[in-house]
Each structure stands twice: as C-alpha cells, then as structure tokens.
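User: I am new to this structure. Please take a close look at its aromatic rings and the nonpolar core around them.

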Amino acid sequence: MAMSVLLFVLLAGTVSATSTSHVSISLGDANIEYNNDHVPQHTPVYHPAPASYHPSHPEPSYHPEPSYHHPEPVYHPKATYDHDEPAIPACAELTNATYCLEDEEYPEYDIKHAIQYHLDKFNHLYADVADLDTELSVERPETLDEETYLCPSETAYIRPLRAQNTEDKWRIIVNEIQLHYKTFTQTTRVEDCLTAGDDCPKVPLCYESKCLQKSIYHRFLVYDPYDQYFPFAIETFKLPASCACLLGAYTIDH
C-alpha cells in the first residue's frame with residue numbers, strides 16, 4: 001500500500017514538471033489568461049448585439065411622408081351690379097329719367113385704363129355700335145308754322161353717361177372718352193312726351209283720346225367696373241322715341 005502511494009506522488013510530480021501551467025481569469029468584458037511564466041494574455045470577447053429593445057438606444061422607426069390633399073378650387077362668381085351698385089345712381093335720385101347726362105361719379109379714368117388694356121377687343125365692340133347712325137332719325141319741324149303735332153313733345157340728341165337697361169339695371173355708358181387722339185362717343189335721339197296721359201289737343205270731345213309716350217330700343221356699349229376679365233359689353237336700353245295720340249273707339253248714337 002505504501003509503495004502504491006509513493007509511486008502516484010512521483011508520477012504527479014513528473015507530469016507537473018513537464019507540463020505548462022495555465023490559469024484563466026474572467027474580468028468583466030475581457031478574459032485574462034496567465035501562463036506558467038505569469039505573463040497576462042488578453043483575449044477579445046465578442047458580444048452580440050442585444051436582441052431586445054434598449055430604452056437608451058431606440059431603434060429607428062419609419063415615419064411615412066404626410067399625404068397632402070389639395071382641395072378642389074372653389075369658384076367665386078364675380079361681383080355684379082346687384083350687390084355693388086346702388087339701385088339708383090346719385091345722378092338720377094332726384095329725377096324720374098331713365099338716363100343721366102351729367103354724372104359727378106363717372107369713372108372716366110378707369111374707363112380709359114380699361115380701354116388701353118383691352119384696346120383690340122374694345123375697338124371691335126365700338127365699331128358695332130358706331131354704325132348706328134342717328135342721321136336717319138325722324139326730324140321734326142323747327143317752327144309750328146310748318147306743321148303741328150297733336151301731342152307736344154321735346155326732342156334732343158343726347159350722349160348719356162348712365163342709363164337703365166331693359167332689365168332695369170343701371171349701367172355706365174362709354175361716352176366722351178378721349179384716348180389716342182380719338183373721342184369715343186355714343187349719340188342717340190330721344191323724344192319725351194310733355195303731356196303723356198292727357199287728352200290730345202284739337203281732338204273733338206266725342207273721341208276718346210290721350211297722349212302716349214312711345215319708345216325704341218337702342219344698344220349702347222357699357223363699362224362694368226366689377227368684371228375683371230373684360231369689362232365691356234353691349235346691352236339694350238329702352239329710350240323715349242316719340243309722342244303719339246291714341247284714339248279710342250267711336251260710336252254714333254242717334
């Protein structure tokens with residue numbers, strides 16, 4: 001028995017003398033190994049990326065670009081006379097006339113600027129109304145010695161600055177506008193009945209009669225200050241034309 005123990009001790013000492021001592025120490029993120037010469041050897045340690053979400057290093061998240069929805073354009077109708085112009089202009093407030101020959105609010109400068117900007121299109125429209133020649137209008141005698149009318153009237157050739165059209169809307173008439181050595185005018189003949197509704201003079205009382213104002217339709221080139229695209233147009237106006245005598249039915253009773 002004693003011999004066996006001694007043999008084992010001898011064998012262990014032999015192996016210890018011939019082999020290299022090696023000690024490994026783990027310190028945190030690095031392993032330090034010591035050999036039999038007590039020289040430290042650093043072995044790098046690979047740390048895989050954490051598989052779980054770390055609050056101090058958030059993973060980048062995808063944020064899609066915001067979608068912009070442009071609304072459909074909304075049409076706003078242009079302003080009209082019904083909203084921006086008074087029902088009766090200042091030049092006609094104290095009269096019953098359907099036109100004004102004088103107007104302190106006449107926008108002459110604005111009309112000139114608009115004509116200059118739309119000169120070609122304006123000239124086409126003006127050529128249309130300029131063909132309305134008033135020389136063919138009916139001329140009445142200068143003195144009553146030549147001829148007399150049943151109903152008295154007053155005749156004039158006018159150039160209105162404002163007038164009431166056939167839709168009862170007041171419009172600005174292009175008149176007396178000087179531009180490019182040219183004067184744009186619109187003249188028409190009117191005849192106002194002085195005794196409209198009264199009995200016709202020099203008519204026997206056995207006849208039912210009355211003086212009647214008659215009218216004609218005339219076209220004028222007008223200016224619309226609220227039309228931003230083309231502020232000119234041709235519209236129709238009802239003007240006094242003559243004074244007639246209307247006779248009623250006559251019966252003979254015996």
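**Aromatic rings and the core**

Analyst: Phe184 is buried, with a relative accessible area of 3%. This is a predicted model. Tyr126 is buried too, at a relative accessible area of 10%. Why do both count as buried? Because buried means under 20% relative accessible area, and Phe184 has 3% while Tyr126 has 10%.

Across the whole structure, a search finds seven aromatic pairs. Tyr126 and Phe184 form one that is edge-to-face. Their centres are 4.9 Å apart, with 90° between the planes. This pair links distant parts of the chain. Tyr126 belongs to helix 4, Phe184 to strand 9 (residues 182–184), and 58 residues separate them.

Next come Phe230 and Phe232. They also pair edge-to-face, at 5.8 Å centre to centre and 65° between the planes. Both are buried.

Now the core. The largest nonpolar core has 17 residues. Ile111, Ile115, Phe122, Val174 and Phe232 touch the most other members. Helix 3 (108–117), helix 4 (119–130), strand 8 (177–179) and strand 11 (209–223) each give two or more residues to this core. Apart from it lies another core of nine residues, including Tyr99, Ile158, Ala163 and Phe237.

Finally, Ile111. Beyond its neighbours within four places in sequence, Ile111 is in contact with Tyr106, Ile172, Val174, Ile177, Tyr223 and Phe232.

Definitions and conventions
Residues are numbered from 1 along each chain as its sequence is written. This is a predicted model: local features need pLDDT of at least 70, side-chain atom pairs count only at pLDDT 80 or more; totals for chains, interfaces and linings use all residues. Side-chain values use heavy atoms; hydrogens and water are left out. A nonpolar core is a set of buried Ala, Val, Leu, Ile, Met, Phe, Trp, Tyr and Cys residues joined through side-chain atoms within 4.5 Å. Buried means under 20% relative accessible area, exposed over 50%, partly exposed in between (1.4 Å probe, protein chains only). Helices (H or I, at least four residues) and strands (E, at least two) are DSSP runs, numbered from the N terminus. Contact means heavy atoms within 4.5 Å. Rings of Phe, Tyr and Trp (its six-membered ring) pair if their centres lie within 6.5 Å; planes under 30 degrees apart count as stacked, over 60 as edge-to-face and the rest as tilted.
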